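I opened this notebook to record what I looked up in one structure.

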Amino acid sequence: MDPYVRIFDTTLRDGEQSPGATMTSAEKLEVARALARLGVDVIEAGFPAASPDDLEAVRRIAVEVGNPSAETDGKTPVICGLARATRSDIDKAWQAVSPAAKPRIHTFLATSEIHMQYKLKMTREQVLERVREMVAYARSLCPDVEFSPEDAGRSDPAFLYQVLAEAVRAGASTLNIPDTVGYTMPDEFGALIAGILANTPGIENCIVSVHCHNDLGVATANTLAGLRAGARQAEVTVNGIGERAGNTALEEVVMALQTRRPVYNLSTGIDATQITRVSKLVSNYTGISVQPNKAIVGANAFAHEAGIHQDGLLKNNLTYEIMRPESVGAAQTRLVLGKHSGRHALKTRLASLGYDLNEAEADQVFERFKALADRKKVITDADLEALISDELYQPRELFSLDGLQVACGTMGMPTATVRLRDPEGAMHVQAAVGTGPVDAAYKAIDAVVQARVVLLEFVVHAVTEGIDALGEVTVRIQGQNGFSALDAQKEVDQPRTFGGYGADTDIVVASAKAYLAALNKLLVASGRYGPVEKAAMEFVNP
Ligand code: KIV
Ligand code: ZN
């Protein structure tokens, strides 16, 4: 059997559906480029029927990432759009993915009794008929069609074989088996895949795919069990983000196959050394921070604290390390550049990290680098990556921070004064008192921006060790009373949440930047400042 496992990344679709993970079109495009450079085989770029903005974002990815370009190192992944099993969803998916060199339509319909009876209100016969019709319709538009029986993990296997056989006959070439609610256990899921391969007529000409959710913490184990049983596509997300407890994490599957190659005898096309970078990009854009003990990409994944472990590592790193940090791009190379270093040295270091900056971007980053080098003696690659995220990869700023001053401590009332530039370029100065300096700064910002929001999450962490470390802040907010942009992806209207990211050696400044980044996204999405596309697609830099 072919040992190649296709990595199907659904960070921009199933991942983006998780609370707070909303990304702007520009951010989605940047993540898609990073995924292409990482070497994923398929990018599920979104759910085009969700809204015109979603359709446009997928189309833009199909044009710019779905065709050979220098920005993706010439790699051209399949660009896939999700569609319910209806003509109108399938038409929209095709409209969005058709500009790609390798387009795919992914359509789905539920097959478990509970979904058919209560959600779809359809009989088994009606489901079979709809699958037949809609897969054939998708196939009449697109040469590459994937079909998923939603909630397969809780479906009757005998009925699944029938549904999948219909999908194959109608022209599907990939059959994806989702454990939609994360219910199955690894041995059951492996057996389900083996049963499908053995009992579905025509399946020998198809790729079987697995798509697992992590409600019981076994999504990666289920995915690996499915691959062992013969599946050859894994549907995953970066950092495992996704609905509820999330999806299978890309980095966990890739590194399990790589580290335990003799056990699985399977390979992927992923360049694992880019994993850490892509993980950071996704966590910065979504505002969903990675738990420190998360496998492969957590801050402590390669940290050794116990004296016994450190002693062993010094003697031979294999004593306590099953993977080298550099194999996933997590090595902390120290940049031997300081405040006297030149622009060329910085550009060369950034190029070796994979950032190909144009002149204007290089100037912008150099300015920030110099300012940082004045305050911090040793600058690591992690510092540089935080700086790039903060400086270049922000959506267009409607309101931007021009100045911030705080007074705080045990002697009085924490007070912040902010100077903000509004979308028309006018300056506003505002002071406020709060429970602490960050609260005061946020109140002062609120008084200028006048958006009504609640702060759902606020996370600070240091990029590197040391008292002079850069601090990174991610926040998540939700609009209220007229500022609550609705989530078009959800069947039930639900206010969207927005993430923001900021980095600075001063954590109050980083906090203000992160809050403003989230506010700017909310203002754009709630339609306060012109068409979403116009504002969201423009980066701060030219
Ligand atoms: O979890 C699920 O069932 C899905 C399908 C749309 C594939 O995400
Ligand atoms: Zn899913």
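**Entry 1: conventions.** I noted that this is a predicted model, in which local features need pLDDT of at least 70, side-chain atom pairs count only at pLDDT 80 or more, and totals for chains, interfaces and linings use all residues. Residues are numbered from 1 along each chain as its sequence is written, chains are lettered from A and ligands numbered from 1 in the order in which they are written, and side-chain values use heavy atoms, with hydrogens and water left out.

Entry 2: Histidine 211 is buried because its relative accessible area is 5%, and buried means under 20%, exposed over 50%, and partly exposed in between (1.4 Å probe, protein chains only). Histidine 213 also has 5% relative accessibility and therefore counts as buried.

**Entry 3: ligand 1.** I listed the residues surrounding ligand 1, among them Arg13, His106, Ser148, Asn176 and Thr180; a residue is near a molecule if one of its heavy atoms lies within 4 Å of it. I then looked up polar contacts, which are pairs of N or O atoms within 3.5 Å. An oxygen atom of ligand 1 is 2.6 Å from a side-chain N or O atom of threonine 180. For aspartate 14 the corresponding distance is 3.1 Å, and for histidine 211 it is 3.2 Å. On its own, ligand 1 has 260 Å² of accessible area, and the protein covers 95% of this; such areas come from the Shrake-Rupley method with a 1.4 Å probe, and for residues only the protein chains shown count as cover.

**Entry 4: a nonpolar patch.** I recorded a nonpolar surface patch of about 300 Å², made by Leu455, Phe458, Val460 and Ile507. Patch residues have over 30% relative accessible area and no salt bridge, and nonpolar side chains are joined within 5 Å, like charges within 9 Å. A salt bridge is a side-chain nitrogen of Lys or Arg within 4 Å of a carboxyl oxygen of Asp or Glu. Strand β14 (residues 453–462) gives the most to the patch, with three residues. Strands (E, at least two residues) and helices (H or I, at least four) are DSSP runs, numbered from the N terminus. Leucine 455 lies in strand β14 and is partly exposed, because its relative accessible area is 40%.

**Entry 5: leucine 387.** Is leucine 387 buried or exposed? Leucine 387, in helix α16 (residues 381–391), is buried, with a relative accessible area of 1%.

Notes
A polar contact is a pair of N or O atoms within 3.5 Å; within protein, one must be able to donate a hydrogen and the other to accept it, and residues adjacent in sequence count only if both atoms are side-chain atoms.
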